[in-house]
Amino acid sequence: MGITPTRLWWLAQLPAGGDPAAALTASSSNVTGLVNTLIVLLLVATVVALITRRLRIPYVVGLVLAGLTLTKSLLPQAVGLNPEIILNLFLPILIFEAAINTDISRLRSTIKPIALLAGPGVVLAAVITATLLHLGLGLAIITAAAIGVILTITDTVSVIAAFRSVPVPPRLATIVEGESLFNDGIALVLLGMITTLHLQGAFTVWEGLQQVIIAFVGGGVLGLGLGYLCVGLFQQLDDALSNILLTVAVSLGTFQIGQGLGVSSAIAVVIAGLVIGDLGFRHTSASTKVTLLNFWEYAGFGVNTFIFLLVGLEVDPGVLQQTIPAALFAIVAYQVGRIFAIYPLLFLLRFFDRPLPLRWQHVLILGNIKGSLSMALALSLPLNLPGRPQVVALVFSTVLVSLVGQGLSLPVLVKRLRLTAPSPTRQRMETLQMNIIAAKAAQQELATLLQSGSLPKNLYEELFAAYQAQIATADRDLRDLYNRRNLSDLTRLEDQSSLDGLRRRLYLAEKGAVNDALRKGLLSEDISQAYVRVLNEKLLSLKDD
């Protein structure tokens with residue numbers, strides 16, 4: 001039997017005098033153990049999903065608690081939270097999934113508060129947090145600075161999960177999502193500067209500014225270039241599977257190229273995702289777009305599931321108990337930093353943009369929950385950093401206490417703030433809309449039963465007429481509410497917000513139809529693009545409050 005390339009590879013991995021058969025057997029055993037471990041984790045995640053839904057607690061909190069109850073000895077093969085996998089595989093997936101689902105028009109309307117929070121806000125919060133940790137826990141300055149940056153990153157998954165259980169204004173949700181898109185990249189750049197300072201021992205202000213400019217400008221240019229390249233390929237393809245492979249390659253490839261060039265990989269992935277989500281989907285059919293968005297939703301959900309399970313697995317309950325006092329102090333420290341960053345900066349916002357209500361600012365502070373990226377950055381710290389083992393344990397405990405404590409209390413606190421209090425008129429409108437939607441769905445089901453021969457025609461006509469009367473009554477009442485003009489100022493504002501939301505959906509539908517007609521060659525590019533520009537201006541004029 002000849003020696004194949006595969007056998008040559010296995011022989012190259014063996015030490016002198018090694019047994020190829022034993023190596024192959026050990027490798028096969030490792031793969032089988034890993035697959036069995038993944039199956040166990042998936043089953044645990046499924047059970048957690050069922051329990052958290054019944055108990056109405058955040059899914060990520062349930063995953064962390066489940067991970068704490070598990071031990072690595074119960075798994076077929078030990079697994080761990082590898083920072084290289086999180087930073088190079090999981091992080092690009094999470095960032096890209098958030099970026100392609102971000103509405104550019106909404107992001108533009110909130111870009112000023114997002115820029116304040118993700119730029120000066122991150123730096124100010126990190127400085128205050130590091131100072132408190134240095135003074136309160138006696139950490140070395142370089143170590144406190146690294147932890148301060150690590151603890152400025154907010155876990156948006158937990159915050160958005162709370163928003164789904166408690167209604168919040170769309171503009172506030174956009175600000176939270178937009179800040180999380182960019183503050184990860186800024187925190188990574190700051191941590192890189194701290195690591196460079198630790199390794200070199202000296203760092204000038206000019207060198208720091210130069211590194212920041214290269215990171216952000218280079219990351220932005222890289223993201224734009226690869227994003228537009230992907231858009232060009234989208235024009236040639238309209239196959240869902242091919243486009244999925246393309247977007248996966250772009251998300252992971254952009255991150256790796258950014259690291260190789262020394263620019264901000266996170267910013268590059270964000271920009272590429274925004275470009276593809278805004279321009280690329282214009283050149284795809286509706287079914288392909290739905291398939292792509294569903295794939296990335298599943299990918300993001302799966303990545304978060306494994307990350308938060310592994311967070312619980314990594315934390316040693318004994319170490320957790322010992323570091324809880326320090327973790328509680330760290331939570332107070334980063335919340336103080338967040339407070340002194342949020343309130344002053346958003347007070348200045350009123351001088352050049354619409355001010356944010358004070359209750360919204362409270363939510364931005366209450367939702368300052370830590371997550372998996374903070375743990376990954378802690379594991380990636382230099383091995384010779386002073387007190388690194390204690391730092392890792394402290395960050396792990398802080399993240400865990402934050403996820404469980406703040407994650408469970410956030411929905412209750414947000415609900416008590418009463419961010420959205422619809423008027424009786426608004427509630428009446430939604431009830432009438434619900435009646436119309438339900439009746440029309442029932443009529444469609446009646447038509448299906450009639451066509452299949454499962455329903456006599458006379459019974460079909462009787463039931464159809466009853467639902468049609470319900471639709472007519474609700475439609476008449478709804479029209480009367482829209483035509484009513486003697487409403488209070490507050491109600492008019494709420495109705496205006498509702499109408500703006502309706503107009504946004506209609507404008508987006510128009511854009512989709514025009515771009516689809518352009519792709520099929522039914523319209524000329526000059527006329528269609530001029531119309532799209534007008535629609536974009538209309539979208540930007542809408543308010544998201």
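Buried, in this talk, means under 20% relative accessible area; exposed means over 50%, and partly exposed is in between, using a 1.4 Å probe and protein chains only. By that cut-off, 46% of the 545 residues in the chain are buried.

Some ground rules before the details. This is a predicted model, where local features need pLDDT of at least 70, side-chain atom pairs count only at pLDDT 80 or more, and totals for chains, interfaces and linings use all residues. Residues are numbered from 1 along each chain as its sequence is written, and side-chain values use heavy atoms, with hydrogens and water left out.

The overall picture, then. The chain has 22 helices and 0 strands. Those are DSSP runs, numbered from the N terminus: helices are H or I with at least four residues, strands are E with at least two. The chain exposes about 27,400 Å². Carbon and sulfur atoms supply 64% of that area. The areas come from the Shrake-Rupley method with a 1.4 Å probe, and for residues only the protein chains shown count as cover.

Now contacts, meaning heavy atoms within 4.5 Å. Take the contacts between residues at least 6 apart in sequence: 80% of them join residues at least 24 apart.

On to charges. How many salt bridges does a search of the whole structure find? It finds 2. The criterion is a side-chain nitrogen of Lys or Arg within 4 Å of a carboxyl oxygen of Asp or Glu.

Asp353 and Arg171 are both buried.

Then there is Arg338 with Glu179. Their closest N and O atoms are 2.8 Å apart.

Next, helix packing. Two packed helices are described by the angle between their axes and the distance between the axes. Axes here are lines fitted to C-alpha atoms, for helices over the stretch in contact, and angles run from 0 to 180 degrees between N-to-C directions.

Start with α6, residues 111–118, and α7, residues 120–137. Their axes come within 3 Å and cross at roughly 25 degrees. That makes α6 roughly parallel to α7. Angles under 35 degrees count as roughly parallel, over 145 as roughly antiparallel, 65 to 115 as roughly perpendicular, and the rest as oblique. From α6, the contact uses Ala115, Leu116, Leu117 and Ala118; from α7, Pro120, Gly121 and Val122. By class, that is 6 nonpolar, 1 polar and no charged. Nonpolar covers Ala, Val, Leu, Ile, Met, Phe, Trp, Tyr, Cys and Pro; charged covers Asp, Glu, Lys and Arg; the others, Gly among them, are polar.

Now α17 and α18. They pack at about 175 degrees, with axes 9 Å apart. So α17 is roughly antiparallel to α18. On the α17 side we have Ser374, Met375, Ala378 and Leu379, meeting Arg388, Val392, Val395, Phe396 and Val399 in α18. The classes here are 7 nonpolar, 1 polar and 1 charged.

Helix α8, residues 141–150, is mostly covered. Of its 10 residues, 8 are buried. Among them are Ile142, Ala146 and Ile150. What lies over the buried residues? The cover includes α7, α10, α17 (372–379) and α18 (388–417).

Ile342 lies in helix α15. It counts as buried because its relative accessibility is 1%. Neighbours within four places in sequence aside, Ile342 contacts Leu117, Gln361, Leu364 and Ile365. The C-alpha atoms of Ile342 and Leu117 are 7.2 Å apart, yet the two residues are 225 apart along the chain.

Ile369 is in the loop between α16 and α17. Its relative accessibility is 0%, so Ile369 counts as buried. Ile153 is 216 residues away along the chain, and 8.2 Å separates the two C-alpha atoms.

Finally, Gly208, in helix α11, residues 205–236. At 6% relative accessibility, Gly208 is buried as well. Gly208 and Leu197 are 11 residues apart in sequence and 9.6 Å apart, C-alpha to C-alpha.
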